[in-house]
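Me: Please take the model shown below and discuss its fold, its sheets and its pockets in turn.

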Amino acid sequence: MAQNLTRNEQNKLLTLAREAIIWYVREGTIPNRDAPEPNLQGHQGCFVSIKMNGALRGCIGSFISDKPLYKLVQEMAISAATRDPRFYPMKPADLTDFALEISVLSPLDKISSPDEIKVGTHGIYIEKNSCRGVLLPQVAVEHGWDRDTFLSQTCLKAGLRPDDWKEGADLYIFSAQIVA
């Protein structure tokens with residue numbers, strides 16, 4: 001299970017992510033901010049999602065980190081704003097109205113059966129051949145997907161056929177604390 005951050009720690013991460021995006025888009029550098037809170041010093045993965053007018057605008061993350069969570073959040077926020085290949089890099093005009101969602105991740109857990117996946121609790125990471133794809137736990141809930149649809153959509157995200165999860169794929173699950 002992902003770590004339970006307090007509301008103050010969640011607010012700190014959201015502030016750090018927002019400041020990092022604004023500073024980077026305007027100045028081209030990463031702000032030097034610190035977070036002394038012990039729970040924000042841990043080395044764990046996260047994804048940062050940016051939404052504008054309710055629609056996804058960028059989402060980038062990492063399952064592992066050699067840096068503290070608060071630094072990874074800033075780095076992933078900047079990447080989501082400027083390096084998600086599905087979207088153009090954010091410009092100063094885009095900074096007036098955007099929402100952030102940070103998913104603080106548990107470690108990946110390899111599973112032997114898709115039956116172990118609990119929709120609404122787990123995200124899915126799939127690997128097959130050289131293809132990899134991930135969908136966060138909240139994605140299945142937002143779209144009203146059942147387990148098989150969730151698996152198929154993760155395959156599509158990985159560039160695989162929808163039923164490629166049924167044979168020869170490595171499946172991993174993870175949970176996330178959603179910070180918004």
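Me: Which pattern does the protein chain follow when read along the sequence?
Reply: This is a predicted model, in which local features need pLDDT of at least 70 and side-chain atom pairs count only at pLDDT 80 or more, while totals for chains, interfaces and linings use all residues. Residues are numbered from 1 along each chain as its sequence is written, and side-chain values use heavy atoms, with hydrogens and water left out. The secondary structure comes to four helices and eight strands, where helices (H or I, at least four residues) and strands (E, at least two) are DSSP runs numbered from the N terminus. Along the sequence, the pattern is α-β-β-α-β-β-β-β-α-α-β-β.

Me: What is the radius of gyration of the protein chain?
Reply: The C-alpha trace spans about 50 × 35 × 30 Å along its principal axes. The radius of gyration is taken over C-alpha atoms, and the globule rule is 2.2 Å times the number of residues to the power 0.38. For 180 residues the rule gives 16 Å, and the value of the chain is close to this, so the chain is as compact as a globular protein of that length. The radius of gyration is 16 Å.

Me: Why is one side of strand 2 and of strand 8 left without a neighbour in the sheet?
Reply: Four strands form an open antiparallel sheet in the order 2-1-3-8; two strands pair if DSSP finds at least two bridges between them. Strand 2 (55-62) and strand 8 (176-179) are at the edges of this sheet, so one side of each lacks a neighbour because each has a single partner strand.

Me: Which residue of strand 2 is the bridge partner of Met-52?
Reply: Strand 1 (residues 46-52) pairs with strand 2 in the antiparallel sense over seven bridges. In strand 2, the partner of Met-52 is Ala-55.

Me: At about what angle does helix 1 run to strand 3?
Reply: Angles run from 0 to 180 degrees between N-to-C directions, with axes as lines fitted to C-alpha atoms, for helices over the stretch in contact; contact means heavy atoms within 4.5 Å. Helix 2 (residues 69-82) touches strand 1, strand 2 and strand 3, and its direction makes about 40 degrees with that of strand 1. Helix 1 (residues 7-27) lies across strand 1, strand 3 (99-105) and strand 8, and its angle to strand 3 is about 125 degrees.

Me: In the hairpin of strand 5 and strand 6, which residue takes a positive phi?
Reply: Five bridges join strand 5 to strand 6, which run antiparallel, and Lys-128 has Cys-131 as its bridge partner in strand 6. The hairpin has two residues between the strands, and the positive phi, near 55 degrees, is that of Asn-129.

Me: Which element gives the largest share of the lining of the largest pocket?
Reply: A pocket is an open set of points on a 1 Å grid over the protein atoms alone, where a 1.4 Å probe fits, with protein on both sides within 12 Å along at least five of seven lines; lining residues have an atom within 4 Å of a point. The largest pocket holds about 390 Å³ of space, a volume being the space filled by probe spheres set on the points, which are joined across faces, edges and corners. Of its 17 lining residues, those closest to the centre are Leu-56, Arg-86, Leu-135, Val-139 and Lys-157. The largest share, four residues, comes from helix 3.

Me: What is the volume of the second largest pocket?
Reply: Residues including Phe-47, Tyr-125, Arg-132 and Lys-157 line this pocket. Strand 2 and strand 6 each give two or more residues to its lining. The volume of the second largest pocket is about 160 Å³.
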